[in-house]
Amino acid sequence: MSDLSQIIKAYDVRGTVPDQFNETVARAIGTAFVEMLRESGGEPDQIVIGHDMRESGPGLVAAFARGVNAAGAAVINIGLASTDQLYYASGVLNLPGAMFTASHNPAQYNGIKLCRGGARPVGQDSGLAVVRQRAQKLLADLNAEADGPERVEQRDVLADYAAHLRSLVDLAGIRPLKVIVDAGNGMGGYTVPAVLGDQVLPALPLTIEPLYFELDGSFPNHEANPLDPKNLVDLQKAVREQGADIGLAFDGDADRCFVVDEKGDPVSPSAITALIASRELAKSPGSTIIHNVITSAAVPEIITENGGKPVRSRVGHSFIKADMAATNAVFGGEHSAHYYFRDFWFADTGMLAAMHVLAAFGGQPLPLSEFAAEYERYVASGEINSTVADATAKIAEVRAAFPDAGIDDLDGLTFQVGDGAWFNLRASNTEPLLRLNVEAQDADRMAKLRDEVLAIVRG
């Protein structure tokens with residue numbers, strides 16, 4: 001019997017197929033999900049389900065659907081989908097949802113992202129722990145699940161999803177742009193032609209040059225994880241060689257989007273957060289914008305300059321989404337290239353973020369490297385992981401080494417060390433790692449501070 005504590009974590013379900021996560025487990029989770037929703041005051045009659053391009057997806061979806069049916073609820077199966085396409089279906093139908101994906105993880109993995117109606121997240125403290133407990137009990141009792149009547153409706157929402165995104169950002173009037181998109185053999189290869197191409201809607205002033213659009217959950221070209229610089233190399237080369245205006249890279253389930261400029265240089269997610277924030281504040285003056293603790297200091301500066309209210313949040317989508325709902329924030333951004341929109345049920349969507357970038361960039365004449373420089377005010381280290389035996393002791397050593405720093409503990413410890421320089425040190429929840437992020441006014445100051453902290457952490 002599977003130990004579900006190994007695959008049902010703080011935010012989602014994720015494990016290797018079939019040893020950790022298989023159809024038996026998926027069926028139990030389907031029943032447990034419906035039971036959890038009922039216990040928490042809902043009476044779900046239908047659950048909407050989608051899956052990414054992984055080979056194991058259809059079988060796991062079918063098993064989950066049997067579990068949902070056994071619990072007395074029906075299923076709307078939207079088939080192949082990006083995660084934000086599933087959020088669209090959950091939002092517009094106001095139904096709980098289950099997205100079968102392991103995002104950027106390697107091919108042997110699969111998983112489930114669960115949400116309530118209106119794309120509201122289900123995490124450890126909002127129902128996922130109950131799902132785990134109930135599913136574990138069902139797995140222990142071989143007679144617990146009896147087949148119910150099969151109630152599964154197939155529904156295609158791709159065109160409606162594309163039309164909804166087009167209604168939120170007008171790209172019709174931008175200057176012509178040559179855009180190279182690296183889908184990494186993930187779901188961007190399915191959704192980009194519908195949203196940015198002319199597959200289902202009128203053509204835009206975009207020439208889309210596809211890179212790895214073939215859906216293939218074995219990821220034959222590179223991992224679908226653009227956060228790792230090695231997975232951007234092909235896109236960067238193509239942008240430079242083909243003279244493109246901009247490059248976009250999506251992760252496996254296409255809920256994150258990364259941007260490179262015409263030189264092939266990455267545009268930081270902090271700069272993208274600040275850019276989109278300024279656009280959203282132009283539409284909704286005075287609104288709140290959420291950013292996590294390790295986005296650039298430029299983000300709250302630019303939000304404030306544009307009349308908005310910046311609010312810092314802990315790292316992680318459950319914290320961002322909770323803070324957005326609590327403050328009715330119009331937008332939220334993370335260093336990991338997750339972008340959240342009030343207009344999209346407070347959920348994250350890489351595609352909508354990409355459209356905002358294209359609208360802003362295409363509405364002015366400068367090349368992207370010059371245009372983005374307005375939002376890139378400081379030099380950041382990026383996240384640096386160090387394996388440590390005792391994270392608490394190491395954090396204490398660092399704290400003692402900076403006695404004059406201003407420190408806050410919203411998420412790990414953030415040290416303000418003067419002249420605009422700062423660093424954040426956070427312990428991983430699942431591994432013996434310390435995660436370091438450093439930012440300063442210039443590269444030399446950043447490197448000196450980074451090396452000083454790493455010498456303590458790794459010493």
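Guide: A residue counts as buried when its relative accessible area is under 20%. The model examined here is a predicted one. With a value of 10%, tyrosine 375 falls under that cut-off and is therefore buried. Phenylalanine 371 has a relative accessible area of 11%, so this residue is buried as well.

The aromatic rings may be taken next. Searching the whole structure gives twelve aromatic pairs. One of them joins phenylalanine 331 and tyrosine 339: the ring centres are 6.4 Å apart and the planes meet at 10°, so this pair is stacked. Phenylalanine 331 and tyrosine 339 are both buried. In contrast, the ring centres of phenylalanine 371 and tyrosine 375 lie 6.0 Å apart with their planes at 75°, an angle over 60 degrees, and the pair is therefore edge-to-face. Beyond these two pairs, ring pairs also connect Tyr88, Tyr161, Phe344 and Trp345 into a cluster.

Helix α3 covers residues 83-93 and helix α5 residues 158-168; they pack at about 90°, with their axes 10 Å apart. An angle from 65 to 115 degrees counts as roughly perpendicular, and α3 and α5 therefore have that relation.

Glutamine 85 deserves a separate description. This residue lies in helix α3, and its relative accessible area of 0% means that it is buried. When neighbours within four places in sequence are left aside, the contacts of glutamine 85 are Ile78, Leu80, Val157, Leu158, Tyr161, Tyr190 and Thr191.

The account now turns to the sheet. Its five strands are arranged in the order β9-β8-β10-β11-β12, the sheet is open, and the pairing is mixed. Strands β9 (206-211) and β12 (266-267) are at the edges with a single partner strand each, so one side of each has no neighbour in the sheet. Strand β8, residues 177-182, runs parallel to β9 and is joined to it by six bridges. Within this pairing, valine 179 is placed opposite isoleucine 208 of β9. Helix α7 (residues 233-242) packs on the sheet and touches β8, β9, β10, β11 and β12, its direction making about 155° with that of β8. Helix α11 also packs on the sheet, where it touches β8, β9, β10 and β11, and its direction makes about 175° with that of β10.

The antiparallel pairings involve β11. Strands β10 and β11 run antiparallel and are joined by four bridges, with glycine 247 opposite valine 260 of β11. Their hairpin has six residues between the strands, and alanine 254 there takes a positive phi near 60°. Strands β11 and β12 are likewise antiparallel, joined by two bridges, and valine 259 has valine 267 in β12 as its bridge partner. In this hairpin, with five residues between the strands, glycine 264 takes a positive phi near 90°. Strand β11 is covered on both faces: Cys257 and Val259 are buried on one side, Phe258 and Val260 on the other.

Helix α8 (residues 269-283) and helix α11 (residues 350-362) pack at about 75°, and their axes are 10 Å apart. These two helices are therefore roughly perpendicular to each other. On the α8 side the contact comprises Ile272, Leu275, Ile276, Arg279 and Glu280, which meet Ala353, His356, Val357, Ala359 and Ala360 of α11. By class, the contact of α8 with α11 has seven nonpolar, one polar and two charged residues.

Not counting residues up to four places away in sequence, valine 457 touches Ser386, Val388, Lys394, Val398, Leu425 and Leu434. From aspartate 444, valine 457 is 13 residues away in sequence and 20 Å away in space, C-alpha to C-alpha.

Methods. Residues numbered from 1 in each chain as written. Predicted model: local features only at pLDDT ≥ 70, side-chain atom pairs only at ≥ 80, totals over all residues. Heavy atoms only, no water. Axes fitted to C-alpha atoms, helices over the stretch in contact; angles between N-to-C directions. Parallel < 35°, antiparallel > 145°, perpendicular 65-115°, else oblique. Contact = heavy atoms within 4.5 Å. Nonpolar A, V, L, I, M, F, W, Y, C, P; charged D, E, K, R; others polar. Pairing = 2+ DSSP bridges. Phe/Tyr/Trp six-rings, centres within 6.5 Å; stacked < 30°, edge-to-face > 60°. Buried < 20%, exposed > 50% of the residue type's maximum accessible area, 1.4 Å probe, protein only.
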